[in-house]
Amino acid sequence: IASDLHGDAECTATLLRRFDESDAERLVLLGDLLYHGPRNDLPAGYAPKQVISLLNEVRDRLICVRGNCDTEVDQMVLPFPILSETALLFVDGRTWFAAHGHRAGANPTAGDLPALPAGSVVLTGHTHIPVLETNDQGILLLNPGSVSIPKENSVHGYMTWEDGTFYWKDLDGTVVSTYEL
């Protein structure tokens, strides 16, 4: 589970190496794949054409939602769906709701979510700040931070789901934090 690649080919290549090493079935990308937007500095490895090529190589294993920097033009060069605002997944008997977080899921503590049963998982990106917490309704709120432009002294990171546990990892694959269901 990763978010906010922002066209950084170096970080994306590292993320995809970790994905291949994990033997995971799918990589969930929570938006902002190719461009950095006007509020962010240019990532060090900024090369969106290379990111296009990297993502296209694993297109059959991706689940993506649209970020605020993703556009129809991006969809023209990526032969897998990236423009859905949200995704609803069912994993190990739980409902997972995925959104970039700039609209749906932007303020999950204020009711900015669809009706979800307790025990559901909400995945968002957008803020570039990792989150692993449960809200008052018993819904797990997760944000993997940013692959390319981490904020608030967080690391370039992503998350994995293995045997009932979420692992937040840096791009070296080192576990930074865990959350067990």
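**View 1. R61 reaches over to D20 in a salt bridge.** The side chains of these two residues meet at 3.4 Å, N to O; a salt bridge here is a side-chain nitrogen of Lys or Arg within 4 Å of a carboxyl oxygen of Asp or Glu. The pair links distant parts of the chain, 41 residues apart: R61 sits in the loop between α2 (48–57) and β2 (62–64), while D20 belongs to helix α1. Helices (H or I, at least four residues) and strands (E, at least two) are DSSP runs, numbered from the N terminus. R61 is partly exposed at 22% relative accessibility, and D20 is partly exposed too, at 43%. For these labels, buried means under 20% relative accessible area, exposed means over 50%, and partly exposed is anything in between (1.4 Å probe, protein chains only). Keep in mind that this is a predicted model, where local features need pLDDT of at least 70, side-chain atom pairs count only at pLDDT 80 or more, and totals for chains, interfaces and linings use all residues. Residues are numbered from 1 along each chain as its sequence is written, and side-chain values use heavy atoms, with hydrogens and water left out.

**View 2. R18 and E21 pair up within helix α1.** Their side chains form a salt bridge at 3.1 Å, N to O. Why are they about one helical turn apart? Because R18 and E21 are 3 residues apart in α1 (residues 9–22). R18 is buried, with a relative accessible area of 18%, whereas E21 is exposed at 54%.

**View 3. R103 and E85 join two loops.** This salt bridge comes in at 3.0 Å, N to O. R103 lies in the loop between β4 (94–99) and β5 (121–123), and E85 in the loop between α3 (72–77) and β3 (86–91), so the pair ties together parts that are 18 residues apart in sequence. R103 is exposed at 53% relative accessibility, and E85 is partly exposed at 28%. Across the whole structure, there are 5 salt bridges.

**View 4. Helix α1 from end to end.** With 14 residues, α1 reaches 20 Å from its first C-alpha to its last, close to the expected 20 Å; that expectation is 1.5 Å times one less than the number of residues. At the start of the helix, a side-chain oxygen of D8 comes to within 3.1 Å of the backbone nitrogen of E10. Just after the helix, D23 takes a positive phi of about 60 degrees. Buried residues of α1 include A9, C11, L15 and F19. What do the buried residues of α1 pack against? Their partners are β1 (27–29), α2 and β8 (157–162), with contact meaning heavy atoms within 4.5 Å.

View 5. A disulfide is a covalent bond between the sulfur atoms of two cysteines, called here when the two sulfurs are within 2.5 Å. By that rule, the count is 0. C11 is in no disulfide, as the nearest cysteine sulfur, that of C69, is 16 Å away. C11 is buried at 11% relative accessibility. For C64, the closest cysteine sulfur is also in C69, and at 15 Å it is too far for a bond. C64 is buried as well, at 8%.

**View 6. T95 and its neighbours.** T95 sits in strand β4 and is buried at 16% relative accessibility. Leaving out residues up to four places away in sequence, T95 touches L88, L89, F90, L116, P117, S120 and V121.

Notes. A polar contact is a pair of N or O atoms within 3.5 Å; within protein, one must be able to donate a hydrogen and the other to accept it, and residues adjacent in sequence count only if both atoms are side-chain atoms.
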